[in-house]
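Load the model and keep a selection panel at hand.

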Amino acid sequence: DVPEIDIPELARVHAEGAVLIDVREPDEYTAAHVPGAALIPLATVPDHLDEVPSQSTVYVIGAVGGRSRRAAEYYRARGIDAVNVAGGTKAWMEAGRPVSTGLEP
C-alpha cells in the first residue's frame, strides 16, 4: 500500500524542502512542473535508484497520480519511504500553485 498526500500537504512539505520526483516524460515536465522537482521519467526509475535519497521521505508526482503511484510502489519495495501525490501536477496547477517550465538547472 502506498501512502498518498493531497496538494495542500504537498505545498506544506515542499515549502520545507522535501524531495519531489516528477516521473512524467520530459516534454510534459518542460511544459510545466512543480518548481524544484527532479525529473526521473517512470521508465527510467530503476536506472536512477542511486539518485533517490533513502534516508528521508521522497514525494512522487506525475500527471494525475497513476505513474507516480507505480514509481512509489517501486521505491517502497526497495526500502525508500516514497509517498504518492494524489491528483499530480494537474491538481497542483488547478489549485493555482506556481509552476516552472523548461529543465531545472
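Select Asn84 and Ser68 and show their side chains: a polar contact of 2.4 Å joins them. Is Asn84 buried or exposed? Its relative accessibility is 0%, so Asn84 counts as buried; the cut-off for that class is under 20%.

With neighbours within four places in sequence left aside, the residues in contact with Asn84 are Val2, Pro3, Glu4, Ile5, Val60, Gly65, Ser68, Arg69 and Ala72.

**The sheet**

Switch to a cartoon view. Asn84 lies in strand β5, and β5 belongs to an open sheet of 5 strands. Reading across the sheet, the order is β1-β5-β4-β2-β3, and the pairing is parallel. Which strands stand at the edges? They are β1 (4-5) and β3 (38-39); each has a single partner strand, so one side of each is left without a neighbour in the sheet.

Next select residues 19-22 and 58-61. These are strands β2 and β4, which run parallel and are joined by 4 bridges. Within this pair of strands, find Asp22 and look opposite: Ile61 in β4 is there.

**The helix across the sheet**

Select residues 66-77, which form helix α3. The helix lies across β1, β2, β4 and β5 (82-85). Compare the direction of α3 with that of β5: the angle is about 175 degrees.

**Rings and charges**

Select Tyr74 and Tyr75 and show the rings. The model has 1 aromatic pair by the rule applied here. Tyr74 and Tyr75 form that pair, which is edge-to-face, with 6.3 Å centre to centre and 70 degrees between the planes. The two residues fall into separate accessibility classes: Tyr74 is partly exposed at 22% relative accessibility, whereas Tyr75 is buried, with a relative accessible area of 0%.

The charged end of Arg78 sits over the ring of Tyr74, 3.5 Å from the ring centre.

For the last stop, select Arg97 and Trp92. Here the charged end of Arg97 sits over the ring of Trp92, 6.0 Å from the centre of that ring.

Bear in mind at each stop that this is a predicted model.

Note on methods
Residues are numbered from 1 along each chain as its sequence is written. This is a predicted model: local features need pLDDT of at least 70, side-chain atom pairs count only at pLDDT 80 or more; totals for chains, interfaces and linings use all residues. Side-chain values use heavy atoms; hydrogens and water are left out. Two strands pair if DSSP finds at least two bridges between them. Helices (H or I, at least four residues) and strands (E, at least two) are DSSP runs, numbered from the N terminus. Contact means heavy atoms within 4.5 Å. Axes are lines fitted to C-alpha atoms, for helices over the stretch in contact, and angles run from 0 to 180 degrees between N-to-C directions. Rings of Phe, Tyr and Trp (its six-membered ring) pair if their centres lie within 6.5 Å; planes under 30 degrees apart count as stacked, over 60 as edge-to-face and the rest as tilted. Buried means under 20% relative accessible area, exposed over 50%, partly exposed in between (1.4 Å probe, protein chains only). A charge sits over a ring if NZ of Lys or CZ of Arg is within 6 Å of the ring centre and within 35 degrees of the ring normal. A polar contact is a pair of N or O atoms within 3.5 Å; within protein, one must be able to donate a hydrogen and the other to accept it, and residues adjacent in sequence count only if both atoms are side-chain atoms.
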